[in-house]
Amino acid sequence: MNGCPDGANLLTDNPALYEARFPDPERIAGRWAEACLARYGAGPRVLDVGCGTGRDAEHLHRAGRAVTGADVSAAMLAHARVHHPGPRYVHADLRRFDLGEDAFDAVVCLDSALLYCHTNDELDGFLASCRRALRSGGLLVAEMRNGAFFLGRTELLDAPRTDCFTWEGVVHRSTTTLRVDRAAQLLRRSRVWTADDGSPPVEQRSAWRLLFPQELRRFLDAHGFEVLGLYDRPGPRTDPPWHEGAAPEETTGAPGTADGDRLHLVARLRAPR
Ligand SMILES: C[S@@+](CC[C@H](N)C(=O)[O-])C[C@H]1O[C@@H](n2cnc3c(N)ncnc32)[C@H](O)[C@@H]1O
């Protein structure tokens, strides 16, 4: 079996396959992000970090914003420029980037991209970079896995999950195993791909920081951000998902709950003291 080191990723190396595998035809993630930006009166200049295929960046562009999409994957950026034109696309590592001072009114970071900051130093690097990039009063909008979901729950860890789909006439099967690395506070994923075209199995490994709400609040405060919203639902990847017209954050149940498997953040950069 071929092994991919952390960083190599069959899906992000094949953006069209990524979009087919994780379809979002109604652009719910982009719409949710736009609803958050509109609700808190963000200005037009938006940076989408970890922009991936560019579909969310394009949605924000179509909503009238001046968007920069940033990603570390050359394949994703190339795909975004062709298939989701409008935004400017740049290569940047979200763990430490410099795209100019006061250059943006908002930073958007969707689909757990923030959790590629595995260490505290990397989280500090991300938030310091956001602070430099944002004007005073600028917004940080993020959507990610919720580390607190794993407290007392093992349902995602107990057994490998298998999936199957057909792509360009080839049947692909994946077996995904998740485990918690408690010392590193990471959720580690091993995914083994097989295809019926005779190619050898490939193992792809990824990891996400298991970040807890109170811990995130402390990081944000230390970097000058005021939390406006931190809650589990509704969002683009919750069940049921957020829908157009609904408030971007829960208003009917207990606001600010963190029981679900996703976490949604809206924070504002405070004026310098
Ligand atoms: C889950 S995908 C998000 C995709 C995007 N929201 C979409 O739907 O197309 C995460 C993205 O983060 C990018 N990424 C991973 N590590 C990164 C890093 N250190 N800096 C910037 N981008 C990174 C990957 O290349 C990938 O495109």
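**Strands, a helix and a ligand shell**

In this predicted model, strand β7, covering residues 161–167, pairs with strand β8, residues 170–181, in the antiparallel sense, and seven bridges connect the two. Within this pairing, Thr-162 stands opposite Thr-175 of β8. β7 and β8 form a hairpin with two residues between the strands, and in this hairpin Glu-168 takes a positive phi near 50°.

Strand β8 also pairs with β9, residues 186–195, to which it is joined by 10 bridges, again in the antiparallel sense. Here Arg-173 is the residue that stands opposite Thr-194 in β9.

Once its neighbours within four places in sequence are set aside, Arg-188 is in contact with Arg-179, Asp-181 and Ala-207. Trp-208, which is 20 residues away from Arg-188 in sequence, lies 6.6 Å from it in space, C-alpha to C-alpha.

The next element to consider is helix α4, which spans residues 74–83 and whose buried residues are Met-76, Leu-77, His-79 and Ala-80. Why do these residues fall on the same side of α4? The arc that they cover around the axis is only 165°, and they are therefore placed on the same side of the helix. In general, an α-helix has 3.6 residues a turn, so residues three or four places apart point the same way. The other side of α4 carries Ala-74 and Val-82, which are exposed. As for what the buried residues of α4 meet, they pack against two helices, α1 (15–21) and α3 (55–62), and against two strands, β3 (66–71) and β4 (88–91).

There remains the ligand, which has 17 residues around it, and of these Gly-50, Gly-52, Val-72, Ser-73 and Asp-111 come nearest. How many residues of each class does the shell around the ligand have? Sorted in this way, the shell has six nonpolar residues, five polar ones and six charged ones.

Notes:
Residues are numbered from 1 along each chain as its sequence is written. This is a predicted model: local features need pLDDT of at least 70, side-chain atom pairs count only at pLDDT 80 or more; totals for chains, interfaces and linings use all residues. Two strands pair if DSSP finds at least two bridges between them. Helices (H or I, at least four residues) and strands (E, at least two) are DSSP runs, numbered from the N terminus. A residue is near a molecule or strand if its C-beta atom, placed from the backbone, lies within 6 Å of it. Ala, Val, Leu, Ile, Met, Phe, Trp, Tyr, Cys and Pro count as nonpolar, Asp, Glu, Lys and Arg as charged, and the others, Gly among them, as polar. Two residues are in contact if their C-beta atoms, placed from the backbone, lie within 7 Å. A residue is buried if 20 or more other C-beta atoms lie within 10 Å of its own, exposed if 12 or fewer, and partly exposed in between; C-beta atoms are placed from the backbone. The arc is that of the directions from the helix axis to the C-beta atoms.
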